[in-house]
Amino acid sequence: MDKALEKQLIDLDDHDQRIRAELAADGSLFDGYHSRMEAVHRANAARLRAIIADHGWPGFSLVGERGAQAAWRIAQHSIGEPAFMRQCRDLLCQASANHDAHAWQHAYMDDRIRVLEGLPQRYGTQFRDGDHGPEPFPMEDPENIEARRQALGLPPLTEIVARAGKNPSPVRGDPATREAEELAWRKRVGWV
């Protein structure tokens with residue numbers, strides 16, 4: 001295991017989480033994709049891209065559980081870089097098949113990418129603000145979602161929906177305006 005690489009990934013992830021907490025505390029995190037958050041995500045993605053080029057996907061065998069978790073979250077937050085996120089999804093799929101990453105990490109990455117592409121998600125991991133609080137984005141084959149989640153060790157979606165309803169994110173501005181701005185951003189960066 002590469003302890004220095006593990007620490008590097010954890011430090012990058014910790015920095016991301018500190019900036020996120022700071023922006024959430026002043027409320028600016030909820031006003032669209034904040035430029036400071038985007039800068040952190042792009043810098044972290046650049047470093048993860050270099051690590052992948054040198055070592056392949058940083059899974060359990062290379063960077064341990066915490067390092068692999070940090071790598072996954074860095075990839076998950078690389079929303080401004082569609083090609084890189086898709087590459088990470090493919091690498092996570094291979095790593096999880098080889099038991100070098102959790103299968104649920106691939107599910108989260110796949111769902112996030114599908115939502116950004118405007119497609120229905122497969123595992124119900126991505127939520128949006130609905131009329132009655134947080135709700136999952138549209139799902140592919142919703143009748144079998146619980147079986148797919150169970151196969152990956154994810155808790156039942158009904159539990160997640162109930163939990164999300166107790167802790168909704170602050171909603172700011174007009175929903176139609178927010179949706180239009182998000183769609184314009186997704187088009188600009190190449191998701192749709």
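## Crossing of α1 and α3

Helix α1 passes helix α3 in a left-handed crossing, a term that applies if the near helix is turned anticlockwise from the far one by less than a right angle. The axes of the two helices come within 8 Å and cross at roughly 35 degrees; these axes are lines fitted to C-alpha atoms over the stretch in contact, with angles running from 0 to 180 degrees between N-to-C directions. Helices (H or I, at least four residues) and strands (E, at least two) are DSSP runs, numbered from the N terminus.

The model is predicted, and local features need pLDDT of at least 70, side-chain atom pairs count only at pLDDT 80 or more, and totals for chains, interfaces and linings use all residues. Residues are numbered from 1 along each chain as its sequence is written, and side-chain values use heavy atoms, with hydrogens and water left out.

## Residues at the α1–α3 contact

On the α1 side, L5, E6, L9, I10, L12, D13 and Q17 meet L62, V63, R66, G67, A70, A71, R73 and I74 of α3, where contact means heavy atoms within 4.5 Å. By class, this contact has nine nonpolar, two polar and four charged residues. Ala, Val, Leu, Ile, Met, Phe, Trp, Tyr, Cys and Pro count as nonpolar, Asp, Glu, Lys and Arg as charged, and the others, Gly among them, as polar.

E6, in helix α1, is buried, with a relative accessible area of 13%. Buried means under 20% relative accessible area, exposed over 50%, and partly exposed in between (1.4 Å probe, protein chains only). Not counting residues up to four places away in sequence, E6 touches M1, V63, R66 and G67.

## Helix α2

Helix α2 covers residues 35–55; it has 21 residues and reaches 30 Å from its first C-alpha to its last, close to the 30 Å expected at 1.5 Å a residue. The expected span is 1.5 Å times one less than the number of residues. Just after α2, G56 takes a positive phi of about 85 degrees.

The buried residues of α2 are M37, V40, H41, N44, A45, L48, I51 and I52. Seen down the axis of α2, they fall within an arc of 130 degrees, so they line one face of the helix; the arc is that of the directions from the helix axis to the C-beta atoms. An α-helix has 3.6 residues a turn, so residues three or four places apart point the same way. The buried residues of α2 pack against α1 (3–25), α3 (60–76) and α4 (82–97), while S35, A53 and D54 are exposed on the other side of α2.

A97 lies in helix α4 and is exposed, with a relative accessible area of 56%. The C-alpha atoms of A97 and T125, 28 residues apart along the chain, are separated by 20 Å.

Q105 is found in helix α5 and is buried, with a relative accessible area of 1%. Leaving aside neighbours within four places in sequence, Q105 is in contact with A68, Q69, W72 and L92.

## Positive phi in loops

Most residues other than glycine have a negative phi. H99, a residue other than glycine, has a positive phi near 60 degrees. H99 is placed in the loop between α4 and α5 (103–116) and counts as exposed at 68% relative accessibility.

D141 likewise is not a glycine and has a positive phi, of about 50 degrees. The loop that holds D141 lies between β2 (133–136) and α6 (145–151). At 34% relative accessibility, D141 counts as partly exposed.
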